[in-house]
Amino acid sequence: MSIRKSIRKQYLKFLDREPELDDLDFYCTELESGRITLDDLILIIKNSDEYHKLPKSKIYENDSSEIETYNDIRIKGKTLSSGYRNSEERYNEIYKFCKKFNRPISVLDLGAAEGYFTFRLSEDFPGVFVAVESNPQRKLLELCIKNNNQNILLLDKQMNLKHLKNLKEVQHFDVVLALNVIHHFDEPFQDVLDTLISMCSFCFMEHPNSLEDNSTKNSHRLKTEKMNFEKFKPQLLNKNESGLGNSVNQKLERNMWLLQNTKSKTIDRGWRGTSKYRDQFGLDAEIKIQSDFNEINVNYGLRNEKRNWIQGVDLRTFLEYNGVYPTTEKIINLIDELEIDNAQDLGPHNLILNGKKLFLIDQNDKLDDVNTKEKLKDFLKQSGLL
Ligand SMILES: C[S@@+](CC[C@H](N)C(=O)[O-])C[C@H]1O[C@@H](n2cnc3c(N)ncnc32)[C@H](O)[C@@H]1O
């Protein structure tokens, strides 16, 4: 791992934020010259005021308490072994619904575990399928490499509410799968659900039964934190046994819901580090997403431009959220393979990754310093992202 990448890793781990470019430059020189070691840097961070002020529950490390295979293991269209939850009946509901789309779709599978739903969707539908999973015991990167599907992205990230809110501001998905994951969050379940719905058009949500015992994570909160689905036109799809804990607990059923975002869908800023369109250009300046089962397009509002939404995740967001599949090697190849005539602004937020290819957008806004493939790679390395 490059020095810049490992500095960035410590910032994310202990301060839960990206490092400033100046700090990256500074610590890179310190480490390269041998004036400090990586352990010294960790000590410096841990002695900082910023670290002390952070609520410690907000600093996430891998939760490795669950080790049993949750989902069935699926390789190249074949189910090789079974998980302890029944995934097939749940998938059938998702499949039936996704069949309604007459166009490619984008799906975010939050807490994808062994990736069963991501793999099945990617086999059955055109589009882009983004799995989020950070528990190494799920071996999801290995499974992605074995499956070798070109329409899958994997983010190796333990999300918190802030990460989800930041993601909402720059991304939109047709469908979010929030299956048995919201109860893992430290923040209020309702806030997590509201944020997930705001970044998509439809959300499949499965949540533990409030009667489940402490073999279920945060079971005490399930009893007190009731969620309100009414505003999302809830549709109960099916009920599935928890499969967890003692024989009584295993039989308790969890409801799977289809929920809808009934509000306007927007992209609120160009990328994480820049100001919101609303603050820059006034009320109603967000980019509007207009979508139905036949088409999805973006209406810029600010300028007279309406175009098809390109399914995928912009390269900046992919790397900032610890995108690990496609692998770094593949990403560098995709950058090298870009066919570019007269690029104006090759900032990574202007490149949309769909797993197979990078697509350029917004080349007529401004002339940026980063306007060649080499400069883009240098910029990503400088930022500790590559
Ligand atoms: C109970 S499993 C559910 C798996 C799958 N969604 C399903 O329903 O079949 C929850 C998974 O979510 C992951 N997870 C929990 N909290 C997460 C978070 N904040 N960000 C990303 N993944 C998370 C865990 O590592 C675990 O693999």
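The model is predicted, and 15 aromatic pairs turn up in it.

Take Phe 14 and Tyr 51 to begin with. Their ring centres sit 6.3 Å apart with 70° between the planes, an edge-to-face pair. Phe 14 belongs to helix 1 (residues 3-15) and Tyr 51 to helix 4 (residues 49-53), so the contact ties together parts that are 37 residues apart in sequence. As for solvent, both Phe 14 and Tyr 51 are buried.

Another edge-to-face pair involves Tyr 70 and Tyr 84. The pair gets that label because the planes are at 70°, and the cut-off for edge-to-face is over 60 degrees; the centres of these two rings are 5.0 Å apart. Here the partners come from loops: Tyr 70 is in the one between helix 4 and strand 1 (73-75), while Tyr 84 is in the one between strand 2 (78-81) and helix 5 (88-98). The two residues are 14 apart, and the pair links distant parts of the chain. Tyr 70 has a relative accessible area of 10%, so it counts as buried, given that buried means under 20%. Tyr 84 comes out at 22% and is therefore partly exposed.

Key. Residues are numbered from 1 along each chain as its sequence is written. This is a predicted model: local features need pLDDT of at least 70, side-chain atom pairs count only at pLDDT 80 or more; totals for chains, interfaces and linings use all residues. Side-chain values use heavy atoms; hydrogens and water are left out. Rings of Phe, Tyr and Trp (its six-membered ring) pair if their centres lie within 6.5 Å; planes under 30 degrees apart count as stacked, over 60 as edge-to-face and the rest as tilted. Helices (H or I, at least four residues) and strands (E, at least two) are DSSP runs, numbered from the N terminus. Buried means under 20% relative accessible area, exposed over 50%, partly exposed in between (1.4 Å probe, protein chains only).
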